[in-house]
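Subject: A structure for you to look at

Dear colleague,

Please find the sequence and the structure below, and have a look at them before you read on.

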Amino acid sequence: MGLLKVNISDFIAIVTIDNAPANALASGVLKELSNLLDEFENNEAVRVIILHGEGRFFSAGADIKEFVQVPSGEEFAKLASNGQDLFERVENYSKPVIAAIHGAALGGGLELAMSCHIRLVTNDAKLGLPELQLGIIPGFGGTQRLPKYVGTGRALEMMLTSEPILGSEAVKLGLANHAHPEEKLLEETKALASKFAQKSPNSVKAVIELLNIAKTETYQNGMKKEAELFGGLFGSNDAKEGITAFIEKRKPNFTGK
Ligand SMILES: C/C=C/C(=O)SCCNC(=O)CCNC(=O)[C@H](O)C(C)(C)COP(=O)(O)OP(=O)(O)OC[C@H]1O[C@@H](n2cnc3c(N)ncnc32)[C@H](O)[C@@H]1OP(=O)(O)O
């Protein structure tokens, strides 16, 4: 442990990638992230996760210096599929994961951010998939996720030029939700996370599941699942609390029960 710093308060876990100089996603960083996801799953003190980077960058991607130790194409493919599996877990995680991006999110760094549920950026952050500059391609899901956010043409241009876009443009394209000045980024991210944390964890989990279902299921099956989960929440304490609070004209206090 030690490459990810964790601070939990007010139901928000702030996870800081601390792998100087560029917060490269070395295998140790990915292992720690996987362990944290295990740990947070049943931790009721964590309702929202914020990922960000210590120092100058969010993350400059996979650790290029580790690549030279990879012995074969099979191992290189395994490195990619292990990263894909982890980022898939982030995307399907039952609690919202927000990436707060400053400096740069490049290669695997952007791929990690794209697997998060929401991205907030600084105006001058650089977001890109520059792997073709290295003679390789994105391997942690970038070719599949980037076009969903920015469209095929723009995604292809970003990959074939290896040139990053700025945070301000990422917001215009829908890759990021909001841009903030760097000194305000974490504060604003926490403010957003805090709104999420006040909702019932059950409803939050259901909404994430329903948004992700479109990846594998038809529209009709998504609708069926929505009705099923809607019905499933009916008897929950949180649904009773939310509806009672509305009638009593007070703020609800959700417990996840
Ligand atoms: C399946 C996934 C695949 C991938 O993710 S492949 C990796 C894709 N990412 C990249 O290609 C980004 C590579 N890095 C850069 O373009 C630049 O760097 C930055 C824009 C991030 C920063 O540029 P600047 O401010 O000029 O600093 P600097 O001197 O280039 O880098 C500072 C130190 O950080 C190390 N570093 C940067 N990125 C990585 C990385 N991805 N893996 C390992 N180390 C990295 C450098 O080597 C150097 O280190 P030292 O000071 O010891 O020379």
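This is a predicted model: local features need pLDDT of at least 70, side-chain atom pairs count only at pLDDT 80 or more; totals for chains, interfaces and linings use all residues.

Residues are numbered from 1 along each chain as its sequence is written, and side-chain values use heavy atoms, with hydrogens and water left out.

The sheet is open and is formed by six strands in the order 1-2-3-4-6-9, with mixed pairing; two strands pair if DSSP finds at least two bridges between them, and helices (H or I, at least four residues) and strands (E, at least two) are DSSP runs numbered from the N terminus. At the edges lie strand 1 (4-9) and strand 9 (178-180), each of which pairs on one side only. On average, neighbouring strands of this sheet are turned by 20° against each other, direction ignored, where axes are lines fitted to C-alpha atoms, for helices over the stretch in contact, and angles run from 0 to 180 degrees between N-to-C directions.

Strand 4 pairs in the parallel sense with strand 3 over three bridges, Ile-49 standing opposite Val-97 in strand 4, and it also pairs in the parallel sense with strand 6, over four bridges. In a regular strand, the side chains alternate between the two faces of the sheet. In strand 4 both faces are covered, with Val-97, Ala-99 and Ile-101 on one side and Ile-98 and Ala-100 on the other, all buried (under 20% relative accessible area, with a 1.4 Å probe and protein chains only).

Strand 6 (residues 118-122) pairs in the parallel sense with strand 9 over three bridges, and Leu-120 stands opposite His-178 in strand 9. Helix 8 (residues 182-197) packs on the sheet, and its direction makes about 160° with that of strand 6.

Turning to the ligand, 21 residues surround it, the closest being Arg-56, Ala-60, Ala-62, Ile-64 and Gly-108 (a residue counts if one of its heavy atoms lies within 4 Å). A polar side-chain atom of Arg-56 lies 2.2 Å from an oxygen atom of the ligand, whereas a polar backbone atom of Ile-64 is 3.0 Å from a nitrogen atom of the ligand. The largest share of the shell around the ligand, three residues, comes from helix 2.

Best wishes

Key:
Contact means heavy atoms within 4.5 Å. Buried means under 20% relative accessible area, exposed over 50%, partly exposed in between (1.4 Å probe, protein chains only). A polar contact is a pair of N or O atoms within 3.5 Å; within protein, one must be able to donate a hydrogen and the other to accept it, and residues adjacent in sequence count only if both atoms are side-chain atoms.
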